[in-house]
Amino acid sequence: MNGSVFSFLFRGFPSSRPLPHILPALPVRARGRWIALRVTRPGFVFLGMLLILLFGSINHGNNLGFLLTFLLGSMAFVSLFHTLRNVSGVSPAAVRAEPVFAGQNAVFAVALQPVSRSRPSLSLHFPGGEPVEAHLEAGSRQTVNVSHPAAKRGMLTPPVLLVSTTYPLGLFRAAARLPVEASCLVYPRPLDGPLVPARARAEEGYSAGENDGPGVEDFVGLEAYQRGDPLQHISWKALSRGQGLHTKKFEGQLGRIIYFDPDVLTGDDPEQKLSRVCAMVLKAEALGLAYGLRIGERLIEPGQGGAHKHQCLQELALAWT
Amino acid sequence: MDVSRVHHPDPCILPILGAVAICTLPHFPYVSVWVVLACLLIWGYVALASLRAWSLPSGRVTRLLAALLFIGAMTTHEGFTIEAFVALLAIMVAMKLLEIRSHRDRMMTVILCYFLVAGGMFFGDSIGATLYKLFSILIITAVLIHVNHPGGRAAKHLKPALVLMAQALPLALILFLLFPRVQGGIWGRGHINLARTGFADSISFGDVAELATSSEVAFRVEFDDAVPPQDRLYWRGVVLWGFDGRTWTRGMDRRGGSPEYARVRRPVRYTVTLEPHNEHWIFALDLPVRTDLRHAWLLSDHSSYRWRPVTGRIIYRGTSDLDGAAPDRERRVTGPGLQLPETGNPRARSLAADLFGQAGSAEAYVQAVLAYFRDQPFYYTLQPPPLRPVFGEGSAGDANLIDRFLFESRRGFCEHFAGSFAFLMRAAGVPARVVAGYQGGERNQFGGYLVVRQSDAHAWCEVWLAGTGWVRVDPTGVVAPDRLRTNVAGALPPGEGAGLLSLSRYGVFGQWLGNTLGMLDFWNNRWNRWVMGYSAGDQQGIFFRLGIPLDDRSGWGQGLLTILVLMAAGAALFSLLLLSQPKPARDEIAAAWNDFCRKLARIGLARRPDQGPVDYLGYVAGKRPDLAPRVKKIVAAYVRLRYGTEKGEEAVSTLRRMVKSFAPEKS
């Protein structure tokens with residue numbers, strides 16, 4: 001691999017906000033990957049100082065001045081390669097992210113390939129996201145949580161992961177653009193409000209029944225706990241008596257079926273309606289109700305539990321797209 | 001306690017403080033006491049503030065303090081000298097410590113430390129000073145790494161800093177050798193007003209004695225042949241013509257025109273490494289015939305004058321004639337050579353008239369005055385009693401300094417004897433002048449060269465005799481013969497001159513110390529000559545030996561180009577060396593598997609990304625039952641190697657062989 005070929009091509013480096021935009025970055029091809037190289041602000045100060053020292057040494061014919069100037073200059077030059085080496089070869093092995101609600105930060109767990117040399121002081125960030133510091137030890141597998149603000153619902157797919165470093169002297173910053181194929185599901189931002197179910201009667205269609213909310217159900221008795229039973233309905237009293245796990249059963253809990261439908265809500269903003277429904281799903285799940293969802297033509301049969309909640313929220317996240 | 005008011009000290013502050021102290025300390029002898037105190041106080045405060053979690057002063061307070069310190073530093077130094085510049089820099093760095101709040105502040109402070117180290121290039125470039133500067137750079141670099149990558153102790157960054165320096169050093173040395181040197185400055189030299197000891201262009205009583213208490217090196221001389229005898233080593237500096245009753249000066253008469261020579265009988269050739277003294281003259285062995293230094297001329301009074309003051313160390317060749325008298329034209333001599341104040345020193349004038357009347361000729365008169373100095377109780381001392389006028393005596397006392405010396409105190413250093421002698425000569429109508437320079441020198445036992453120190457400062461007299469020219473007369477040699485045979489310390493009365501290098505007084509330890517100092521001076525001299533004195537001439541020599549002539553005009557363009565090409569080649573080579581890394585070991589198993597999948601993909605059975613090896617096997621077997629047995633064997637081998645416990649070169653090569661021979665054909 002001709003990993004040491006300098007390529008003096010200037011190429012734009014969009015959306016790399018944390019890097020100072022003083023000069024266009026100089027991309028260097030190292031180990032088959034484009035690495036952008038920039039002089040940092042202190043780096044410019046340092047180079048300015050070198051220039052002053054060089055002029056001073058020439059003007060006064062001071063050989064000690066020459067020696068110190070060239071030593072400092074060479075150290076900066078050598079540090080440039082240390083900086084490049086520090087990012088070259090860093091690449092993600094796997095990336096995954098748990099779904100989040102809009103407005104939160106999506107956290108991508110980036111598992112990095114083990115590296116042959118230790119890489120101190122790496123900074124990982126997505127364009128527009130906060131940088132995260134990482135220190136890779138040689139040969140170890142390490143996972144770094146890189147966050148990205150999830151502004152709106154849907155699939156959040158960052159185009160590229162930027163790995164940058166200023167190691168060792170902080171005079172240069174080398175940044176590698178690493179392609180990542182990872183996306184994070186972003187649920188709508190929950191918007192609190194009254195629970196507005198649209199009761200589904202197969203033929204009737206919907207009737208907005210604000211009064212048909214789930215009233216207080218009657219307690220029927222205890223049943224042995226089964227996986228998936230809502231946590232809120234576990235009889236802690238029975239548990240504390242040493243009778244094992246039991247679930248309280250309420251009349252009407254299975255009999256009533258609630259559907260949520262953004263279309264039955266009042267208001268103009270469809271996003272706001274989705275947010276309302278999102279909050280309703282969360283509330284219904286918390287209350288241990290069985291609920292279904294209808295968005296336009298798509299219908300999700302009523303159900304309960306984490307998987308069902310996720311299915312509904314996913315439907316909301318990706319609705320109308 | 002209000003939590004928000006608790007000061008969180010900067011985590012990097014102590015290492016930065018250490019770097020600042022290390023690079024500022026060597027400058028303390030050169031900056032004013034005031035600046036030293038300010039620095040120490042600020043450092044102390046910063047250290048305590050960080051340990052005790054005190055809060056740092058607000059922006060307004062620091063600005064006010066900075067303004068005060070700035071004014072203080074400027075007023076305690078004379079004008080914009082290098083010392084003032086370094087003092088300001090030291091103050092600036094110290095103040096920066098007080099306002100470190102962000103990463104940028106930290107970086108700026110550390111970078112200023114580098115600047116402070118480099119500022120020391122004007123103060124001393126001996127081997128020791130250079131090593132200390134390299135040590136400072138190492139520490140500063142470690143701190144710079146620490147600032148960028150905090151966490152852990154700063155000391156652990158010493159190793160990467162050392163590695164960085166070691167890698168940079170060869171490149172720095174190549175640049176040092178190849179970077180074109182220009183003789184003289186390009187942009188006009190800023191005035192460096194470093195306080196240096198040396199001769200001014202005038203001498204009053206007491207000046208040379210004061211200079212002679214310093215043991216600083218004035219210059220070093222390497223003779224091509226044997227070192228001439230000690231009492232012939234008169235180092236001619238500035239020639240003083242004018243006398244106003246108090247001070248000898250160079251006078252305003254023109255000294256243009258070339259000096260005149262008798263035939264050179266015994267030329268002595270030597271190389272002088274002159275330490276900077278901020279004046280225009282350069283020193284040469286009496287009587288100088290020529291000095292090879294650009295922009296320097298031998299004046300008609302045989303003093304050598306350089307166009308620019310000597311603000312940096314210079315090296316030049318010289319040729320002298322030890323036996324030469326300096327012929328001069330009579331009309332050039334009689335005017336300035338006989339000038340005296342109208343009045344004053346009546347006793348000296350009458351003494352001159354008496355002695356000249358008895359002697360009859362100029363030659364005999366010179367001998368008579370020397371005899372007067374020898375026979376009367378004159379004393380050679382570094383601490384002559386002051387001859388300044390006593391208050392109330394009026395200007396008459398000021399005008400009669402020579403009288404006071406010749407007839408009252410009779411205790412003086414060389415300038416007293418030389419000045420009085422010249423006065424007596426002129427008073428009798430014999431042209432005379434005072435020459436200031438150095439006499440003698442100490443031979444280094446390791447290098448064989450001569451070290452001339454400020455303590456060897458001397459003044460003597462020259463008398464013009466018709467037919468012969470200017471003849472050197474040294475009345476000090478009559479009063480204190482040891483001065484010429486040994487050195488000042490040897491000629492002084494016991495108890496005086498303890499500050500001078502008279503180590504022989506301290507027995508074995510003194511001898512050992514003397515040897516060590518001699519060895520150090522020997523290495524420093526080499527360092528000065530060959531490293532710090534590396535010049536355009538040396539560079540031309542190196543390139544000439546490499547077959548690249550740089551000295552002619554057309555050669556310079558080629559030479560510069562060559563230098564640039566060499567530099568670029570060096571840089572490229574260096575980058576290649578640095579960027580080439582050991583390739584990671586090839587994953588043979590994965591490669592074999594990929595080959596296998598590619599072969600199947602070619603017949604339309606591509607593996608979907610979500611298919612594991614076993615799923616893939618099922619898929620392929622379903623589509624092409626005829627391939628199933630072979631595929632199954634390969635997949636099984638792969639799974640065993642990748643996910644199972646099987647290991648070893650043997651199994652891998654078996655897999656590779658199976659994949660290689662696997663050639664599915666399209667159905």
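This is a predicted model: local features need pLDDT of at least 70, side-chain atom pairs count only at pLDDT 80 or more; totals for chains, interfaces and linings use all residues.
1. B:Arg410 belongs to the loop between α13 (401–409) and β14 (411–412) of chain B, and its phi is near 60 degrees, a positive value in a residue other than glycine. That deserves a look, because most residues other than glycine have a negative phi.

2. A positive phi also occurs at A:Ser121, where the angle is about 55 degrees although the residue is not a glycine. A:Ser121 sits in strand β6 (residues 119–125) of chain A, and it is buried, because 20 other C-beta atoms lie within 10 Å and the cut-off is 20 or more.

3. A cis bond joins A:Tyr167 and A:Pro168, with omega about 0 degrees, and A:Pro168 is found in the loop between β10 (160–165) and β11 (172–179) of chain A. In chain B, the bond from B:Asp286 to B:Leu287 is cis, with omega near 0 degrees; here the second residue is B:Leu287, which is placed in the loop between β8 (284–285) and β9 (288–292) of chain B.

4. Chain A contains an open sheet of three strands, in the order β4-β12-β9 and with mixed pairing. Strands β4 (100–101) and β9 (154–156) of chain A stand at the edges, and because each has a single partner strand, one side of each is left without a neighbour in the sheet. Two bridges join β4(A) to β12 (residues 184–187) of chain A, and these two strands run parallel; within β12(A), A:Val186 is the residue that stands opposite A:Val100. Helix α5 (residues 306–318) of chain A lies across β9 and β12 of that chain, and runs at about 90 degrees to β12(A).

5. Helix α7 (residues 158–178) of chain B has 21 residues and reaches 30 Å from its first C-alpha to its last, which is close to the 30 Å expected at 1.5 Å a residue. The buried residues of α7(B) include B:Leu164, B:Ala168, B:Leu171 and B:Leu175.

6. For chain B as a whole, the secondary structure comes to 24 helices and 19 strands, and 35% of its 667 residues count as buried. Among contacts in chain B with a separation of 6 or more, 73% are between residues 24 or more positions apart.

Technical notes
Residues are numbered from 1 along each chain as its sequence is written. Chains are lettered from A and ligands numbered from 1 in the order in which they are written. Two strands pair if DSSP finds at least two bridges between them. Helices (H or I, at least four residues) and strands (E, at least two) are DSSP runs, numbered from the N terminus. Two residues are in contact if their C-beta atoms, placed from the backbone, lie within 7 Å. Axes are lines fitted to C-alpha atoms, for helices over the stretch in contact, and angles run from 0 to 180 degrees between N-to-C directions. The expected span of a helix is 1.5 Å times one less than its number of residues. A residue is buried if 20 or more other C-beta atoms lie within 10 Å of its own, exposed if 12 or fewer, and partly exposed in between; C-beta atoms are placed from the backbone.
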